[in-house]
Structure formats: structure tokens, C-alpha cells
Amino acid sequence: QFSSRAHRERSRANNARRHARVRTMKKGTSPEEIGLLGETHRATPNASGDDDHTDLNADSGSKTSRRTRNAVIIGLVVSALVFVGVKIAPRTMMNAETNPEREAESKASSAFLDLFGDGFYEIPTTREKSVRQKVKNTALMYDFIHIPKTGGSFFNQVLKAADRRLSQKTGAVAFPREGAPFTSWATYPLVDTTKENFLDTRERFERQQPVEYFGVDRLREAYDSGVRMFTKGPYGMGLCDVIDAPCAYFTVLREPVAQFLSHYKYSCLAGAENQRLWDERMKTKGSCDLDLLEWYDYLGGDAWLQLLAPGAGDDKDLQVETAIKNLNKPCFRYILTEKFDDGLQKMVDTMPDFENLNIEALNEHARKNESPALSDVLKARFQAYIEDERMMNELRFRMKRPAAVYKHAKNAYERKWSQPMISC
């Protein structure tokens, strides 16, 4: 019995010393306090020198020292918790603050990823469809995957211009303005693949309902007569799988760090679109005070790879490989932001459905979604972040996977446009 008690006492003493050292080092405890914490009760050895047998008087006399030790430990634990709480409270509060727009986007993103299971979606190499591609480099549906701050808003204007010209040429429209689901499409005349309606859009094409708009006979008639469909939204990947007619993907890609910096200026510093991505704390204060890395964390990382290779897989390197494979598919076309006009010209030169686009007029009149002007104070703050080598290196490290995809796309750009577009 006495031996067991001695073992317990020694175990408590050793644990107390270990935890005390950790806490005191974190808290900056004085050497005197460290010494006090080190004064733990040890069993008094008996005459034989065997300290496995405890002196009962020593055990009794240790109660006071144990109380003192415990009191100090409790005090330090409380202090440490307060210290840690102060450090993490701002980030915890920031994450806890709900923004209806971000919450809706998060729910939509989760629902989108759920469509593809535990892996990452890869565009099928071949798939038989009831309506087949008859004219080279054409499709019935052009599914635009909109990645924020790449020039995608301008590209939406390009698609609307193409839709108008084709409607004038054929004397028909892809869908009427009235009736379900078209009255709920904020993107009309473009097909809605935004967070509000992408699931409904997929279901209608998959079920071909209403049949007079989504049935295979209607799709065949539209394609053969020159009517075309265009989507608008980020959640279009995989839509071609459920459209029983020629379909092609489009996107606009931008160097990832430049894209993120543009998004930061637009959404954080400028609070664009009525402070759409600000939480209530930011709106109350009237400013977004997060730096580049804090904004990255606030958004939950830069997730645009999920738009090109969606899925719930854990292997992010595999996601990079899948995104590259998707960009390489014959039914995928992309434009680079820094070569925007060149990409538009390639569309005009190689794709019959875009041959009548007036690029000069588009550049002059189309509404480009540029960042609002920043104050001198915000400009200086942004410039300080850009010149912060540590911050920028960390940002580049975090974005190494999107950067790998972009590097491939840039290297393959000319080769991609020299190849025929085969619909999927």
C-alpha cells in the first residue's frame, strides 16, 4: 500500500514539474515561481535507502506543500487560458460572424461537391449522345465556368453578344423569358448555373423536363437550326454529362496570385458589390482590416480548383492532375486574362458560332467588373502588403497548386487553340 502511494506521489510530482515548465515558459514566469513549482513532495527514504517505502510523517507533512503547489498550478492554468483566449478570440469571432452571402455560397459549394463523391470529377473521354456534333468546332451548349476576378464578367458580356447575334440570325431564342424556370434565372438569357439555380438547371436537363424546352427533340431542333445556349455561373462543371447534345466548356484563367490580389482589393479593401463578402463586424466598423493571409483564411482558402476538378477527395495533388486533364479535353476551351483579346480573336477565327463577334465594339462598350477606386490610405496599405516579402512568399506557397495548373494552361495555350474542338 505504501509503495503504491509513493509511486503515485512521484508520478504526480513529475507530471506537475513537466506541465509547470511548459506553462511557465509560455507565460514568462519568474525563476522564483519556477523554483516553487519544482518543490514537489518526495517520499522520505527508509533506513535501508529503499525509497519505495514511504515515511508516514513525510506524507502527512506534504499536505501543505501540495496545497501551495496546486494553488500555483491552478493560477497559472487560468492565466494561460486567458492568454490563449485573448490570442484566438479575434479569429474565432471573425469566423463565427455569419455573412448571408458567404453562408449561401458555402452551402451551394457543398451541394456542388456532393454531386461528384469522394474523388475528383474528370470529363469523360467519350460519351454517346442522341444529338451529335455535325459542324466542326460547334456545340449546342457552351458551358462557361466563371472563376472570380479573371475577366469573367466581361466574358459574360461576350456570350450575351453572341447570343443576340445568333438570335437575330436564326429568328429564334433558346428559351422564352416567361414561365418556369426562366423567370427565376437572374442570368437570362444565359442558362443559370449560379448558386441559386445550378441544381435545378442540372435536373431539368437530366430529366428533360419540360420536354418542350429540354427534351431531346427540342435540343436536336435547336442545334440543327443554329440556336445556341450559353451558361453563366461557377457551378457548371459536369453539366455536359446530362445534356443529350453537343456541349463544350469555357473558362478564363488568370495567374493565381494576381487573381487573388485583385479579389482582395475588390472584395475586402473596396467592399465592392455593397460589401457582399464583409461580415457584420466589418460592416459595423466600415472597413475590412484583414491582411492578405487573413483574407485567405477568411475565405477558407482559394478554392477555384474545385470549379475545374470538383469533388471531396483529400489528395490535392490528384486534384491538380485532374484539373489539367480537364483543361486538356477536346471539348474544353480557355482564355488567359493577359491574352484576352487574343483569345477572343481565336474564338472568332476558329469557332463558327462566334465568327460575327465585334471585338473592338465589345471592348469599347462592354461593362468590365473593375475594382472601385481605393483611397490613398488603402492604396498604401495594399502596397505595404505587396512589399512584405514574408507575406507574399507565404501566399505563393499556399497557391502553389493553382499556380501549377495555370503554368500548364499557359504552356499549352497555343497548342490548345490549334486543335479542333470536339464536343462532349
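Keep in mind that the model is predicted.

Let's start at helix H6, which covers residues 198–207. Its buried residues are Phe198, Thr201, Arg202 and Phe205. Viewed down the helix axis, these residues fall within an arc of 95°, so they line one face of H6. That buried set packs against several elements, including helix H4 (100–114), strand E1 (141–145) and helix H8 (216–225). Just past the end of H6, Gln208 adopts a positive phi of about 55°.

What lies 3.2 Å from a polar atom of the Arg202 side chain? It is the backbone oxygen of Met237. Leaving aside residues up to four places away in sequence, Arg202 touches Leu115, Phe116, Met237, Gly238, Leu239 and Val242.

Now for the cysteines. A disulfide is a covalent bond between the sulfur atoms of two cysteines. The structure holds 3 of these links, and with bonded cysteines counted along the chain, they follow the pattern 1-2, 3-4, 5-6.

One of them joins Cys240 to Cys247, with an S to S distance of 2.0 Å. The torsion about this S-S bond is about -65°, so the disulfide is left-handed. Cys240 counts as buried at 1% relative accessibility, and Cys247 is buried too, at 0%.

Another disulfide is formed by Cys268 and Cys288, whose sulfur atoms are 2.1 Å apart. With -90° about the S-S bond, this link is left-handed. Cys268 lies in helix H9 (residues 256–269) and Cys288 in the loop between helix H11 (280–285) and helix H12 (292–298), so the pair ties together parts that are 20 residues apart in sequence. Both Cys268 and Cys288 are buried.

That leaves Cys331 and Cys424, with sulfur atoms 2.4 Å apart. Here the S-S torsion is about 85°, so the disulfide is right-handed. This pair links distant parts of the chain, 93 residues apart: Cys331 sits in the loop between helix H14 (316–328) and strand E5 (332–336), and Cys424 in the segment after helix H19 (400–418). Cys331 is buried, with a relative accessible area of 2%. Cys424 has 15% relative accessibility and counts as buried, because the cut-off for buried is under 20%.

Methods
Residues are numbered from 1 along each chain as its sequence is written. This is a predicted model: local features need pLDDT of at least 70, side-chain atom pairs count only at pLDDT 80 or more; totals for chains, interfaces and linings use all residues. Side-chain values use heavy atoms; hydrogens and water are left out. Helices (H or I, at least four residues) and strands (E, at least two) are DSSP runs, numbered from the N terminus. A polar contact is a pair of N or O atoms within 3.5 Å; within protein, one must be able to donate a hydrogen and the other to accept it, and residues adjacent in sequence count only if both atoms are side-chain atoms. Contact means heavy atoms within 4.5 Å. Buried means under 20% relative accessible area, exposed over 50%, partly exposed in between (1.4 Å probe, protein chains only). The arc is that of the directions from the helix axis to the C-beta atoms. A disulfide is a pair of cysteine sulfur atoms within 2.5 Å.
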